[in-house]
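Here's a quick briefing on the structure below.

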Amino acid sequence: MRIERRKNKPFFARADIYEFDNLQFGMVHAAEQRAFLDHPEKELYMVNLQLTGTSLGVQGKRRWITTPGDIDILDSSKPAELGMDEECSSFVLIIPHPMLNLPNRDQVSGMCLQGRTALER
């Protein structure tokens with residue numbers, strides 16, 4: 001992962017991650033930045049629930065904006081870009097690919113479920 005600061009402000013990021021069996025979960029809080037997953041290694045799904053701030057994500061042909069209440073899904077085995085124009089925090093659940101055994105991983109890579117629509121049904 002490669003990180004770029006967005007403005008000439010101090011950079012910070014904090015990730016409190018916990019493990020339970022093969023799952024990892026926790027809180028992430030970070031300053032304005034751009035993050036690039038340009039050398040994917042592990043085969044994991046990263047399911048993020050946006051708590052504060054707004055961020056932009058790009059993976060494959062999908063682009064999305066997450067706001068508080070939205071959930072996005074990244075596939076860590078594929079290149080991706082995340083950008084935050086303000087401080088953001090999120091709850092993240094990290095799931096190994098074999099635990100979900102999805103027939104077509106491309107269907108969920110870069111997916112964003114908007115809290116104000118998909119979760120209200």
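Leu 56 sits across from Ile 65 in E7, and that facing pair belongs to an antiparallel pairing of strand E6 (residues 55–59) with strand E7 (residues 62–66), held over five bridges. Strands here are DSSP runs of E with at least two residues, numbered from the N terminus, and two of them count as paired if DSSP finds at least two bridges between them. Keep in mind that this is a predicted model, where local features need pLDDT of at least 70, side-chain atom pairs count only at pLDDT 80 or more, and totals for chains, interfaces and linings use all residues. Residues are numbered from 1 along each chain as its sequence is written, and side-chain values use heavy atoms, with hydrogens and water left out.

**Hairpins**

- The E6 and E7 hairpin has two residues between its strands, and Gly 60 there takes a positive phi near 60 degrees.
- E2 and E3 also make a hairpin with two residues between them, and its turn residue Asp 21 has a positive phi of about 60 degrees.
- Eight bridges join E2 to the antiparallel strand E3 (residues 23–30), with Ala 13 opposite Ala 30 in E3.
- Strand E2 (residues 13–20) lies largely in the open, because zero of its eight residues are buried (buried is under 20% relative accessible area, exposed is over 50%, partly exposed is in between, using a 1.4 Å probe and protein chains only).

**The core and strand E5**

- The largest nonpolar core has eight residues: Leu 37, Leu 44, Met 46, Trp 64, Leu 74, Ala 80, Val 92 and Ile 94. E5 and strand E10 (88–96) each supply at least two residues of this core.
- A nonpolar core here is a set of buried Ala, Val, Leu, Ile, Met, Phe, Trp, Tyr and Cys residues joined through side-chain atoms within 4.5 Å.
- Leaving aside neighbours within four places in sequence, Leu 44 touches residues including Leu 74, Ile 94 and Pro 96 (contact means heavy atoms within 4.5 Å).
- Asn 48 is in strand E5 (residues 44–52), and this Asn 48 counts as buried because its relative accessibility is 13%.
- With neighbours within four places in sequence set aside again, the contacts of Asn 48 include Asp 70, Asp 72, Ser 90 and Phe 91.

**Cysteines**

- Cys 88 is buried, at 6% relative accessibility, while Cys 112 is partly exposed, at 21%.
- The whole structure has zero disulfides, a disulfide being a pair of cysteine sulfur atoms within 2.5 Å.

Definitions and conventions
Helices (H or I, at least four residues) and strands (E, at least two) are DSSP runs, numbered from the N terminus.
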